[in-house]
Amino acid sequence: MNTNLPASWQAAIGDEFDKAYFGALRAFVDSERAAHEVYPPEDDVFNALRLTLYDQTRVFILGQDPYHDTGQAHGLAFSVRPGVRPPPSLVNIYKELKTDIPGFVAPPHGYLASWAEQGVLLLNAVLTVRAHTANSHKGKGWEMFTDAVIKAVSAKPEPVVFVLWGGYAQKKLPLIDASRHTVLQSVHPSPLSARSGFFGSRPFSQINTALENTGQPPINWHLPPSVSVAPSP
């Protein structure tokens, strides 16, 4: 497993790689890759932390599990590779953006790297998955690692906007210092729940308001109409 992270993340969470649980996790993922197709590819597992540096993280959108169909996952929560059709949850995110952000036009792709490059950390709680088997790497140690990421971001002196969609993400609330950071919660954008409170929740304009209230520039949520390359590890 390629655990080479930028210096700011190494300083914040690098010691996690030396802990016993991570050694067991690494062995598990390696054994899975030896016997099965595992997503995302090894060099993409930590892309969220490579595209959004620790000291530049301003928004934290927490996902749950990587997409598990062929060619989708590339290390950013809710995002898919260029050329891959946007999955249903992302389609619903685009629908909400169209009503929340003036002029937003849903692109034909689902590649969200431009958000990550502006300081939006798009991190799943579990970072790998066996092909076509949702939640297959749940409970193997990834949650301990990503909990450490959540705690490290919460420890930043600068205010961050945490976005918790769905019950799974909302269970992470105790890890966040809500007295210093903004926390936005709603149901998940999944087709199973979006009509029960995600649509109309206006999270993207709320994020920008929270950022501007703390003297930070807003996120440009508009996505380029076409993309051609995946991020480099």
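Reader: How much space lies in the largest cavity?

Author: About 30 Å³ of space lies in the largest cavity of this predicted model. A cavity is a set of points on a 1 Å grid over the protein atoms alone where a 1.4 Å probe fits but cannot get out. The volume is the space filled by probe spheres set on the points, which are joined across faces, edges and corners.

Reader: And which residues line the largest cavity?

Author: The lining includes Pro 159, Val 160, Ala 210 and Gln 216; a lining residue has an atom within 4 Å of a point. The lining divides into five nonpolar, three polar and no charged residues. Ala, Val, Leu, Ile, Met, Phe, Trp, Tyr, Cys and Pro count as nonpolar, Asp, Glu, Lys and Arg as charged, and the others, Gly among them, as polar.

Reader: What about the largest pocket, how much space lies there?

Author: About 660 Å³. A pocket is an open set of points with protein on both sides within 12 Å along at least five of seven lines. Of its 28 lining residues, the closest to the centre are Asp 65, Pro 66, Tyr 67, Ser 89 and His 188. The lining has 13 nonpolar, 13 polar and two charged residues.

Reader: New topic. In what order do the strands of the open sheet come?

Author: Four strands lie in the order E3-E2-E5-E6, with parallel pairing. Strands (E, at least two residues) and helices (H or I, at least four) are DSSP runs numbered from the N terminus, and two strands pair if DSSP finds at least two bridges between them. The edge strands, E3 (120-124) and E6 (182-186), each pair on one side only.

Reader: How many bridges between E2 and E5?

Author: Four, joining residues 59-63 to residues 161-165. Leu 62 has Leu 164 in E5 as its bridge partner.

Reader: Which helix lies across E2, E3 and E5?

Author: Helix H6 (residues 142-154), at about 155° to E3. Axes are lines fitted to C-alpha atoms, for helices over the stretch in contact (heavy atoms within 4.5 Å), and angles run from 0 to 180 degrees between N-to-C directions.

Reader: Asp 147 is in that helix. Is Asp 147 buried or exposed?

Author: Asp 147 of H6 counts as buried because its relative accessible area is 19%. Buried means under 20%, exposed over 50%, and partly exposed in between (1.4 Å probe, protein chains only). Asp 147 touches Lys 172 and Leu 175, leaving out residues up to four places away in sequence.

Notes:
Residues are numbered from 1 along each chain as its sequence is written. This is a predicted model: local features need pLDDT of at least 70, side-chain atom pairs count only at pLDDT 80 or more; totals for chains, interfaces and linings use all residues. Side-chain values use heavy atoms; hydrogens and water are left out.
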